[in-house]
Amino acid sequence: MAWDLLVDRTDLARTSLVEVPEPVAGPGEALLRVDRVGLTANNATYAVFGDAMRYWDFFPAPAGTGRVPLWGFATVVASSSPLAEVGQQVYGYLPSSSHLVVTPGRGPAFRDIAPHRAELAAVYNSYLPAVVADAHDGDLQLLYRPLFGTAFLLADLIASSDLFGATQVVFSSASSKTAYCTAALLRGTGRLVGLTSPGNLAFVEGLGVYDETRAYDDVASLAAAPTSYVDLAGSAPLRSAVHHHLGDLLVHSAVVGATQFEAGTGERLPGAPPTFFFAPDRIVVRTADWGPDGFRDRYDAAWSGALPSLDSWVDVVAHSGAEALQSLWPRVLSGDVAPREGHVVSL
C-alpha cells in the first residue's frame, strides 16, 4: 500500500500512519518509490525548525501535520519525463512516505523543479545517481552524508575564519555525528573540547577527535581562553552557562542543530551573540568561490578521507517497514538513541 507518516506539528512525538492512494505522475513528472532511509538527530532538527526554516514546505501535508524530511534511496517507478527513467535509482531528500512525485529538471541525475520547491534551498532539490559499492557503503551514506556535508561546511567556515580569533573550539552534543565530523575536519587548528552527557563520555573520548571531553555540568572548568562555541544541542540553559562562564572570551557562537532544542529566555548573553548556521547559505558562498566542480571535488576528497573513521564510529541497526519508522521516530526525536547506533529503515 501507499502511506504517509504524518507528524503533529504542535506535538512532534505524536504521529499517524495513514494509508493513501498511490500517487500518479502527471505530464512531465516522475513517481519515486522510497526504498531505504536513515534516521538521525538531523531529521529531528528538520522537524524542530520545520516552520522557521521552511523544511515542512518541501513535502506538503494536511493542515497541522508534516512529513519529516529524510535522506535516502528511491527508485523511479513511473515517469513521463525524459530526465527520469523507470528503474533509475537515486539518492536525495525524501518524505516520510512510501512515494514522492517530482518534476525532474536537469541535474546530476535530476532536480525537482516543482513550483512549491522553487523558492526553497536548492541543495535539497537535487537527486543524485545512487552509486554505492555495497549495502554497507549505502548505509554509511544514509547515516553520514547529509551530516558530513554540514560538518564540512561548518569546519570550512571556522578554519577559513582563523577560528574567529579563538584558540579553542567547544562543541555541545559532542557525541552527535555532525559534531564529531566537524571536529575531525578541524584537527590541528586549535584545542577542540567536546561537551556531552555523563553517559556518553566514554564514547566521545574513544572517538579520538577531541583534545578534551567534559560533561555538561562541568562547564565551569572550561579553560578561560578565546573560544568559538559550536552549539549542536540547542539547550538554552547550557548555552547560557557557556556564555556566562566565558563572557567576552566567547568570540563566536554558532547554533547548528537541535538534538535537545529549547527556546531561549530572551536574555542578552555575554560574549558574541548566538548566530544560526544554515549550511545551504555556506554552499552558495563556496560554490561562488570555487565553482560547482571545485566545490564537489573538495567535498568528495574530504568524504573519501573520512570514510574509514566513519565506519569505525557507528554500528548500523537495520529496520524494516513503515511501522518501524513510526516507532523509531519518537526515540530519535527525544535523543533516546545510543551514540554508536545508526538506524537505517528499509521500506
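Me: In which sense do strand 1 and strand 4 pair?
Reply: In this predicted model, strand 4 covers residues 65–66, and Asp8 has Thr65 of strand 4 as its bridge partner. Strand 1 and strand 4 are joined over 2 bridges, and the sense of their pairing is antiparallel.

Me: What is the order of the strands in the open sheet of 3 strands?
Reply: The pairing in this sheet is antiparallel, and strand 2 and strand 4 are its edge strands, each of which pairs on one side only. Strand 1 pairs with strand 4 over 2 bridges and with strand 2 over 7 bridges. Read across the sheet, the order is 2-1-4.

Me: Which residue of strand 2 stands opposite Leu6?
Reply: Strand 2 runs over residues 11–20 and pairs with strand 1 in the antiparallel sense. These two strands make up a hairpin, with 2 residues between them. Within strand 2, the residue that stands opposite Leu6 is Ser16.

Me: What angle does the direction of helix 7 make with that of strand 2?
Reply: Helix 7 spans residues 322–334, and this helix packs on the sheet by touching strand 1 and strand 2. Taken against the direction of strand 2, the direction of helix 7 makes an angle of about 170 degrees.

Me: How many nonpolar residues are in the contact of helix 1 with helix 7?
Reply: On the side of helix 1 the contact is made by Ala41, Asn43, Ala44 and Ala47, and on the side of helix 7 by Trp329, Val332 and Leu333. When the residues of this contact are divided by class, there are no charged residues and 1 polar residue, while the number of nonpolar residues is 6.

Me: Which helix gives the most residues to the lining of the largest cavity?
Reply: A search of the whole structure finds 1 cavity of 30 Å³ or more, and the space in the largest cavity is about 40 Å³. Helix 1 (41–48) and helix 2 (135–160) are the elements that give two or more residues to its lining. The most, with 4 residues, comes from helix 2.

Me: How many polar residues are in the lining of the largest cavity?
Reply: The residues that line the largest cavity include Gly38, Thr40, Asn42 and Asn43, and also Trp71 and Leu142. By class, this lining has no charged residues and 5 nonpolar ones, and the number of polar residues is 4.

Me: Which strand gives the most to the lining of the second largest pocket?
Reply: The second largest pocket has a volume of about 250 Å³, and of the 20 residues that line this pocket, Pro60, Arg67, His99, Leu100 and Val101 are the closest to its centre. Strand 1 (2–8) and strand 7 (99–102) each supply at least two residues of the lining. The most, with 4 residues, is given by strand 1.

Me: How many charged residues are in the lining of the second largest pocket?
Reply: The lining of this pocket is made by 20 residues, among them Arg67 and His99. Divided by class, the lining has 12 nonpolar residues and 4 polar ones, and the number of charged residues is 4.

Me: Which residue of strand 12 is the bridge partner of Val169?
Reply: The open sheet of 6 strands has the order 13-12-11-14-15-16 with parallel pairing, and its edge strands are strand 13 (212–215) and strand 16 (275–276). Inside that sheet, strand 11 (residues 168–171) and strand 12 (residues 191–196) pair in the parallel sense over 4 bridges. In strand 12, the bridge partner of Val169 is Leu192.

Methods. Residues are numbered from 1 along each chain as its sequence is written. This is a predicted model: local features need pLDDT of at least 70, side-chain atom pairs count only at pLDDT 80 or more; totals for chains, interfaces and linings use all residues. Side-chain values use heavy atoms; hydrogens and water are left out. On a 1 Å grid over the protein atoms alone, a cavity is a set of points where a 1.4 Å probe fits but cannot get out, and a pocket is an open set with protein on both sides within 12 Å along at least five of seven lines; lining residues have an atom within 4 Å of a point. Grid points are joined across faces, edges and corners, and a volume is the space filled by probe spheres set on the points. Ala, Val, Leu, Ile, Met, Phe, Trp, Tyr, Cys and Pro count as nonpolar, Asp, Glu, Lys and Arg as charged, and the others, Gly among them, as polar. Axes are lines fitted to C-alpha atoms, for helices over the stretch in contact, and angles run from 0 to 180 degrees between N-to-C directions. Contact means heavy atoms within 4.5 Å. Two strands pair if DSSP finds at least two bridges between them.
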